[in-house]
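Please read them with the coordinates open.

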Amino acid sequence: MTTNPREASLRPFGKPSVRWRLAVLALGAVVAAGIVAWVVQLRGGMGVAGYNDHAFWAIYIADVITFIGVSYGGAVVSAILRLTGATWRAPLTRLAEGTAVVTVLIGSALIIPHIGNPILLWELLARPNLSAPVFWDFVAVMTYTFASIVFFALPLVPDMAALHGGHAKQLGRGRSTLYKFISKGWVGAPKVRVDEPGTVVPSST
Amino acid sequence: MQSHTPSPDEGPAGPPPGAAPTEGPGLSRRNLLATLGVAATGGALALVSYRDEAQASTKQAGPVPKKAQHAWCMVIDLRMCDGCKVCTTSCQTRHSLREEQTWIKVYDMEDSTGGTFPMPRPCMMCENPPCMYVCPVGATLRTDEGLVLVDTDSCVGSRACMAACPYEARYFNWTEPLPAKKMPMPNTPQMPVAKKGTVGKCVLCADRLPQGELPACVQGCPMGVLYIGDLVTDVAVNSFGKTVLLSEFLKANDAVRFKEEQGTNPRVYYILGHGQDLGGEA
């Protein structure tokens, strides 16, 4: 372990530890169990999940709202830090926007098991009913998803440039190409940021 | 529907007059933005007017559209109802429904003396149906004759309609539905064949009405409680073949509608007995 902030920042880009692999394995098992449960529900109908005509909106819509609520929290955190001009906000903003993107995607995806006939989901786009609140929910969530991705991706540009510029070998070809793509067009001075101790993971927001 | 329908080629037209005073070679930024704005507005207008036209065919100002030949309604004479629930079972037999899928459900209501009285509740066939407005894909429709029906071929199963219906008259196919034995017919909104993951509800036996036949519940009722009526020809008839002049029958017996305060304008009329009350402000 080193206390050099630059090396510490780059540690996640190195070789993953055994504990990390175990965590991925355990969480992957949870995901697999969820997929199996969903297939069971698709074959048997939503009744197998305990839904009935009296409780017709239950855990799935609660999950949707919970995850989208968490996502909005991410946006609020980064907005407050930005508005109050906190100079130390960079790593927190990155975390907050990352959380926002991931949770809004999970929240939106949970709509799929929530509806009874997911194979017709395309109709929501193809023949929307403009008087339906659900349609405008959909529009709002999609707008928010797009904005979150933009707010997440824009501050990544200088960091990706810094990573790609100085550590291409350490990253391997796949990541190197990805970071090159994300940082494409960045003509700032990543060196300045990298050489400044403690700001190797800055955020331009 | 007013005559403001934009022509289809209005949207992506060139720059609007006066939008870009300094025309350079190629597309200036202002020019591009103006064009995009016009295109977006035109597209939105076209979409809105499409919905307007779709609704104009079903939603009319008056209770009965002029072009409709019938306006189906139901009269329920609670004075005669003994709560035997034959209406429910006849309906379930005809539509191959499960026991809990009570398209016409008999509730126990409390009267002013503390006793209970049975009250059958079919779909109210609202003139202003909330279920239709909240469907995200427009799978609920209202015919000229005032029947609120579900197109199960486009139902995504969002169950927004179930949340919207003040009468809890909608039932979901939570599991694989029972096979439709009695009806070897194609699936239509008038005579739906139940499909897993879609919603179902009372259709007032819409396939029978044009043939002059009674809905299953009306036909099955041993007490003559249920009347099927037509607001256009102003008649109603029950299982005994008792035919009444609808408007006079409703007026003479002080008919009321369920949850009138919701503004749904239901087409099911109740005739109350002594001390009976449907609640609400009706």
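1. Helix α4 of chain A covers residues 90-109, and its 20 residues reach 29 Å from the first C-alpha to the last, close to the 28 Å expected at 1.5 Å a residue (the expected span being 1.5 Å times one less than the number of residues). Helices here are DSSP runs of H or I with at least four residues, strands are runs of E with at least two, and both are numbered from the N terminus. The buried residues of α4(A) are T93(A), A96(A), E97(A), A100(A), V101(A), T103(A), V104(A) and G107(A), where buried requires 20 or more other C-beta atoms within 10 Å of a residue's own, exposed 12 or fewer, and partly exposed lies in between, with C-beta atoms placed from the backbone. An α-helix has 3.6 residues a turn, so residues three or four places apart point the same way. What covers the buried residues of α4(A) includes α3 (59-83) and α7 (133-153) of chain A.

2. Some words on provenance and confidence belong here. The model is a predicted one, in which local features need pLDDT of at least 70 and side-chain atom pairs count only at pLDDT 80 or more, whereas totals for chains, interfaces and linings use all residues. Residues are numbered from 1 along each chain as its sequence is written, while chains are lettered from A and ligands numbered from 1 in the order in which they are written. The scores are ipTM 0.75 and pTM 0.74. Chain B averages a pLDDT of 81, with 74% of the residues scoring at least 70 (pLDDT is the predictor's confidence in each residue, from 0 to 100). Over residues 1-26 of chain B the pLDDT is below 50, and this stretch has 27 contacts in the model beyond near neighbours in sequence; two residues are in contact if their C-beta atoms, placed from the backbone, lie within 7 Å. Residues 47-62 of chain B also have pLDDT below 50, with 12 contacts beyond near neighbours in sequence.

3. Chain A as a whole has 11 helices and 0 strands. Of its 205 residues, 22% are buried, and residues 24 or more positions apart account for 70% of the contacts in chain A with a separation of 6 or more. Chain A is divided into domain 1 (16-56), domain 2 (57-154) and domain 3 (155-200), the bounds coming from an automatic or database domain assignment.

4. How many residues does each chain bring to the contact between chain A and chain B? Chain B contributes 28 residues, which are in contact with 25 residues of chain A. On the chain B side, α1 (29-56), α3 (130-134), α4 (160-164) and β6 (170-172) each supply at least two residues.

5. F56(A) deserves a look in this context. F56(A) lies in the loop between α2 (18-44) and α3 of chain A, and is buried, with 20 other C-beta atoms within 10 Å. Leaving aside neighbours within four places in sequence, F56(A) is in contact with Y51(A), R159(B), M162(B) and F172(B).

6. Chain B contains an open sheet of 6 strands in the order β10-β9-β8-β1-β12-β11, with mixed pairing; strands count as paired if DSSP finds at least two bridges between them. The edge strands are β10 (243-245) and β11 (256-257) of chain B, each pairing on one side only. Strand β1 (residues 72-77) of chain B has 6 of its 6 residues buried, so β1(B) is largely enclosed by the rest of the structure. On one side of β1(B) the buried residues are W72(B), M74(B) and I76(B), and on the other C73(B), V75(B) and D77(B). β1(B) runs antiparallel to β8 (residues 226-230) of chain B, joined by 5 bridges, and C73(B) stands opposite G229(B) in β8(B). With β12(B), by contrast, β1(B) pairs in the parallel sense over 4 bridges, and M74(B) stands opposite V268(B).

7. Strands β2 (residues 105-110) and β3 (residues 116-121) of chain B pair in the antiparallel sense over 6 bridges. β2(B) and β3(B) form a hairpin with 5 residues between them, and G114(B) in the turn has a positive phi of about 95 degrees.
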